[in-house]
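Colleague: Could we go through the salt bridges and the helix packing of this model together, with the criteria stated as we go?

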Amino acid sequence: MLRIADVLAMPVVRRADPHVLSARDHVDREVRWVHTTELPDIGPLLRGGDLVLTTGIALPDGATQLSEFAASLAGSGAAGLMVELGRRWTELPDVLVEECGRHGLPLVALRREVRFAAVAQAVGERLVDQQLAELRETHRVHDTFTELSTSEAGPEDILQAAQQLSGAPVVLEGFDHRVLDYRAGPADMQSFLADWERRSRRVQPADRTSWDESNGWLVTVIGRRERRWGRLVVGATAPPSPRLVAVIERAAAALAMHRLHDRNRDSQTRRLHHELLLSLLADSSDPEVLRRVEVAGMTEGGALVGIAMRPATDHVPTANLSSHLDDVVTAFLRAGEALPARVLVAAFEGEVRALVSLPVTTDPVTSVDRLVDGVRSRVAVVAAAGTPVGRLSGADRTLRDAGHVLAAVPDRPPAPVGVHRLEDLHVRGLLMLLSDDERLGSFVERELAPLRELDARLRDDLLRTARVLLTRWGSKAAAAADLNISRPALYDRIRRLERVIGADLEDAEVRTSLHLALLAEDLLSARRGQG
């Protein structure tokens, strides 16, 4: 940008002995061109930023006319007025000096003769040089972000490029005005980020890219306005140059393009993973299925481990379950990137299934634990792992094992466990191993038949009483509290339950048998739901 102060410093102007008579504090005003004239009514013909040169030969004498002349220049957005002394005036009229000062229009007296053509040429050459420099910088900005976009560079590289090109702090914020990432500039980053969320909410620009003078921010929206997902902010204590605007807008476009590429890649990856896992569960011995799985990067030689996960949030509404499962899949993919492992992962009804291929040099237990820890750093999950297998033809077994273990884990595990495995389930694990045996189903039917023959309301009350009572047998008071009934009412239900099943619950074997039947029914119901 060329300012009046820059023009005054040019050799051709310095030789004219310039003297600023009014609006000295406005000499930083931008000069966009030079206009030489002797017409008093030139104002309407000027463009914003024109620097007017005149000898004053044709200017009026009257105070009113001179006031109108100064007002017309200011109204046209003229950068300033330079008057050469000697041809009309040896000193400029006081009224012209005062009116220019009142309108904030810099007035410069040239006390020596100067060729206006030489001034216009010098200013024009400087402006052209600056425009060429700006054009080269704009091309540099364009080339930088084009290369980043075509190479599908991540947000880290894009923000770094924006900071280097702008020489200012750069902040990427989400739609909720929270800082997602930033790159520090020469300014104090702590003060730049202070109270960010509150300050950002107050900045609501009408245009896609706007300068917020109060914060010293240049702000642009990322993504289409109706589907924007964030904003990019660059520090700008002064009105931004076209180059700076180009930097922030190209950086925002590169970030939006990366998100689009990432979403497309993620969507395609998820569709492929879902299809391959379904195929493995259907027939893991099919040669075509195995070939496609190998092409996807799942190799034999190390350990293959099935993993099943569900959100750990209690009572996830059905309407939100899909979103929760999607979060688990995303977290698993990101966690997998940090390990020397290949993964297939997809959301199924109510849970997420994954198959992990680990190198032969790694310990399956430690690696799977680390992987799940990475998932939990992003989203809370209950996780289960199947028994490791060595060949893809056994992938269905480890996947099903993981699903069975997860189904056997209660909604609220008694103690926090990193990854649930068969050995962690105790009697539930035994029942899971027997779940394919039809004799287990016969046992459940025989034990629970007396209860199932009752009417629905009484059956549900007694079944719920039995479940609570068997887990709280040592404390009747706790059992009554869980059932939200009094202790006398609990004893009455116990007597009724004993009459229905025809056995005394004080007998430990009777309680164990009933408890096993209830646990087995839960496991068999879960398996039927998975099937």
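Colleague: Is R472 buried, partly exposed or exposed?

Modeller: This is a predicted model, in which local features need pLDDT of at least 70 and side-chain atom pairs count only at pLDDT 80 or more, while totals for chains, interfaces and linings use all residues. Residues are numbered from 1 along each chain as its sequence is written, and side-chain values use heavy atoms, with hydrogens and water left out. Buried means under 20% relative accessible area, exposed over 50%, and partly exposed in between, with a 1.4 Å probe and protein chains only. Because its relative accessible area is 37%, R472 is partly exposed.

Colleague: With which residue does R472 form a salt bridge?

Modeller: A salt bridge is a side-chain nitrogen of Lys or Arg within 4 Å of a carboxyl oxygen of Asp or Glu. For R472 the closest N and O atoms of the pair are 2.9 Å apart, and the partner is D482. R472 lies in the loop between α16 and α17 and its partner in helix α17, so the pair ties together parts that are ten residues apart in sequence; helices here are DSSP runs (H or I, at least four residues), numbered from the N terminus.

Colleague: How is α16 placed relative to α17, roughly parallel or oblique?

Modeller: Helix α16 (residues 456–471) and helix α17 (residues 476–483) pack at about 140 degrees with their axes 9 Å apart. Angles under 35 degrees count as roughly parallel, over 145 as roughly antiparallel, 65 to 115 as roughly perpendicular and the rest as oblique, the axes being lines fitted to C-alpha atoms, for helices over the stretch in contact, with angles from 0 to 180 degrees between N-to-C directions. That angle therefore makes the placement of α16 relative to α17 oblique.

Colleague: Which residue forms a salt bridge with R452?

Modeller: The closest N and O atoms of this pair, R452 and E521, are 2.5 Å apart. R452 lies in helix α15 (residues 438–452) and E521 in helix α19 (residues 508–530), so the pair ties together parts that are 69 residues apart in sequence.

Methods:
Helices (H or I, at least four residues) and strands (E, at least two) are DSSP runs, numbered from the N terminus.
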